[in-house]
Amino acid sequence: MKPIYSKAQLDYMRAKTKFENKASTLERKIELTRKTREITQEVMEGLVQETGFHDAYNELVLSENHLIEWSHSTIKHEKTYRDNKQPIEQMYQNLNADPEMRAQIIELAMKIR
């Protein structure tokens with residue numbers, strides 16, 4: 001049976017796939033450009049804009065934030081949350097200061113059904 005995802009989860013998966021595709025495109029463009037000229041900051045900025053990498057990154061961050069908000073409100077209805085409210089709330093409070101915590105929350109949010 002195919003899993004059912006929320007809108008926040010679907011949006012995140014789409015944004016992540018788009019970001020990964022743009023990152024791959026950017027890497028190829030960098031390698032091609034490197035053969036003909038030096039990669040300066042200006043050249044890199046141009047490649048980032050040309051490939052759409054910057055927009056894809058921004059879209060990914062927004063979808064991550066939406067997914068995190070959705071997961072935070074969704075888990076409040078779970079018994080596990082009520083039993084562990086303080087540590088869970090502390091995780092959500094620290095997610096912007098700790099990239100590993102943010103990644104862990106995103107991973108857990110994708111497991112919510």
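Is His72 buried or exposed? Select His72 and the answer is that this residue is buried, with a relative accessible area of 18%, where buried means under 20% relative accessible area, exposed over 50% and partly exposed in between, with a 1.4 Å probe and protein chains only. His72 belongs to helix H3, and, leaving aside neighbours within four places in sequence, His72 is in contact with Glu89 and Tyr92, contact meaning heavy atoms within 4.5 Å.

Before going on, note that this is a predicted model, in which local features need pLDDT of at least 70 and side-chain atom pairs count only at pLDDT 80 or more, while totals for chains, interfaces and linings use all residues. Residues are numbered from 1 along each chain as its sequence is written, and side-chain values use heavy atoms, with hydrogens and water left out.

**Helix H5**

Next select helix H5 (85-94); helices here are DSSP runs (H or I, at least four residues), numbered from the N terminus. Ile88, Glu89 and Tyr92 are buried in H5, and they lie on the same side of H5 because they cover an arc of only 100° around the axis, the arc being that of the directions from the helix axis to the C-beta atoms. An α-helix has 3.6 residues a turn, so residues three or four places apart point the same way. Turn to the face of H5 directed away from its buried side, and there you will find the exposed residues Gln86 and Gln93. The buried residues of H5 pack against H3, H4 and H6.

**Helix H6**

Move on to H6, where the buried residues are Met101, Arg102, Ile105, Ile106 and Ala109. Their arc around the axis is only 135°, which puts them on the same side of H6. Among what covers these buried residues of H6 are H1, H3 and H5.

**The largest nonpolar core**

Now display the largest nonpolar core, which has 19 residues; such a core is a set of buried Ala, Val, Leu, Ile, Met, Phe, Trp, Tyr and Cys residues joined through side-chain atoms within 4.5 Å. Those with the most contacts inside this core are Tyr12, Leu67, Ile68, Ile75, Tyr92 and Ile105. Helix H1 (7-36), H3, H5 and H6 each give two or more residues to this core, and H3 gives the most, with five residues.

Centre the view on Tyr12, which touches Leu60, Ser63, Glu64, Leu67, Ile106 and Met110, not counting residues up to four places away in sequence. Then select Gln9, which also lies in helix H1 and is buried, with a relative accessible area of 1%. With residues up to four places away in sequence left out, the residues that Gln9 touches include Leu67, Trp70, Ala109 and Met110.

**The second core**

A second, separate core of five residues includes Ile30, Val43, Leu47 and Val48. Select Val43, which lies in helix H2 (residues 41-51) and is buried, with a relative accessible area of 14%. Val43 touches Thr33, Arg37 and Glu38, again not counting residues up to four places away in sequence. To place Val43 relative to Phe19, draw a line from C-alpha to C-alpha: the two are 24 residues apart in sequence and 20 Å apart in space.
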